[in-house]
Amino acid sequence: MSAAPVRIGLIGLGTVGQGLVRLLARNRDEYARRLGRPLVITHAAARDRARRRDCDLSGITLVDDPAFIAREAPVDVVVELVGGISPARELLLEAMARGKAVVTANKALLAEDGNRMFAAARDAGVALGFEAAVAGGIPIIRVLREGLAGNRLQAIAGIINGTSNYILSQMTERGMEFSRALAEAQSLGYAEADPRFDVEGIDAAHKLTILATLAFGMPLTYSAVAAEGITRVTARDIELAHELGYRIKPLAIAKRGAGGVELRVHPTLVPHEHLLAKVDGVLNSILVQGDAVGPTGYYGRGAGGDATASAVVSDLLEVAREHGVAAPHRPHALGFDPGAMAPLPLVPREQVQSAHYVRLQVADTPGVLKGITSILAELDISIEAILQKEPRGRDDATLAIITSVIGEQRFAQAMAKLLALPFVRPGSTHLRVEHFDGA
Ligand code: HSE
């Protein structure tokens, strides 16, 4: 048993980087005992070396230039925790070309240019670990790639952006304003550097791209995700949804049916009693449906330094176990090459089916309901539930409707007609509804 340490070069000392330094220090002896050799961060690169950090950096050589870690630093594995496409991509490519294994939490890079990154890992014969890229501490990458590999997976539905979930939960429970809840999530270290990635569904779309590739066996296809953020959700919608028996959750959904694959991210009304309706705060949860296993569910902290560090270390341990093993026997290096997989057909967006919640602000005059229901009837859209609220101070009443499951195109036609009605006022809106039949 060799006692030589596995030498780690860390790029990025932000929330997750600091969490990693703390975790490796705290469990140092445990990892060494299990592996027969310690995991040691020998070098770290940070933009601002003088900044105060919530971890002990003694014994780590700090450098300004991340390229030094990728190129010259004598390390076995490079951990990239800076995020963003560039220069993260170039740093990882450089490190791999030099025979260094890499571990990254960078979902944006993998979703948008991952086919190339995994091909580079294959060509270099090195591991590319990415457990931390999706759902922080939940080991969903290994679940899909290994645990459920025997299934033909049919659907994934999950809450995979902690910040959006935190914001909607706070708006629901404390009647908090959107901006205050976002500021809180940022101060807790959950939000992306650019919080638009969280609230506009981009972060979840990146993660869903990775999950779909693992689940269905297809190239990483970020452009296939229809993403919509939570910024349109109002306190009034949360209240009305509650009265109708739903909670509004930020969902990411991937389905594979006879017509192909559909990938979407949007705020969604979920029945109160459904598992996902009960997942609050920054927590993430992912449900996966397979043909053999049936429904399965995963739950845990999806963001934050310590939870994400847990995933990074799981990759480091795997890299360490593979270290010194001939390339053909390393599962990471050769087992995942999404760019080489045959693409699957995608369901055209206008054919995606779902139920809808429609909130209409209407003039308080006779004939309103008749006008609305006849448009829905003409388009063969059935009303599953309807709620009318008297005017609140102003002269417009509120109508909330849950429709039957229909195609996107037909729903868009109905919405355009409803909004054109003379008695429908500005401020009307719609959101999707999922009932998870059979899951
Ligand atoms: N901003 C992300 C989230 C962090 O809120 O889930 C974890 O990827």
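I take buried to mean under 20% relative accessible area, exposed to mean over 50%, and partly exposed to lie in between, with a 1.4 Å probe and protein chains only.

**Entry 1: the model.** I note that this is a predicted model, in which local features need pLDDT of at least 70, side-chain atom pairs count only at pLDDT 80 or more, and totals for chains, interfaces and linings use all residues. Residues are numbered from 1 along each chain as its sequence is written, and side-chain values use heavy atoms, with hydrogens and water left out.

**Entry 2: E434.** I looked up E434 and found it in the segment after strand 17 (424-433); strands are DSSP runs of E with at least two residues, numbered from the N terminus. Is E434 buried or exposed? E434 has a relative accessible area of 8%, so it is buried. Its side chain forms a polar contact of 3.1 Å with that of R264; within protein, this term means a pair of N or O atoms within 3.5 Å, one able to donate a hydrogen and the other to accept it, and residues adjacent in sequence count only if both atoms are side-chain atoms.

**Entry 3: the ligand.** I then listed the residues around the ligand, among them N161, E192 and K207; a residue qualifies if one of its heavy atoms lies within 4 Å. A polar side-chain atom of E192 is 2.7 Å from a ligand nitrogen atom. For K207, a polar side-chain atom lies 2.8 Å from a ligand oxygen atom. Taken alone, the ligand exposes 250 Å², of which the protein buries 91%, with areas from the Shrake-Rupley method and a 1.4 Å probe.

Definitions and conventions: Helix = DSSP H or I, 4+ residues; strand = E, 2+ residues; numbered from the N terminus.
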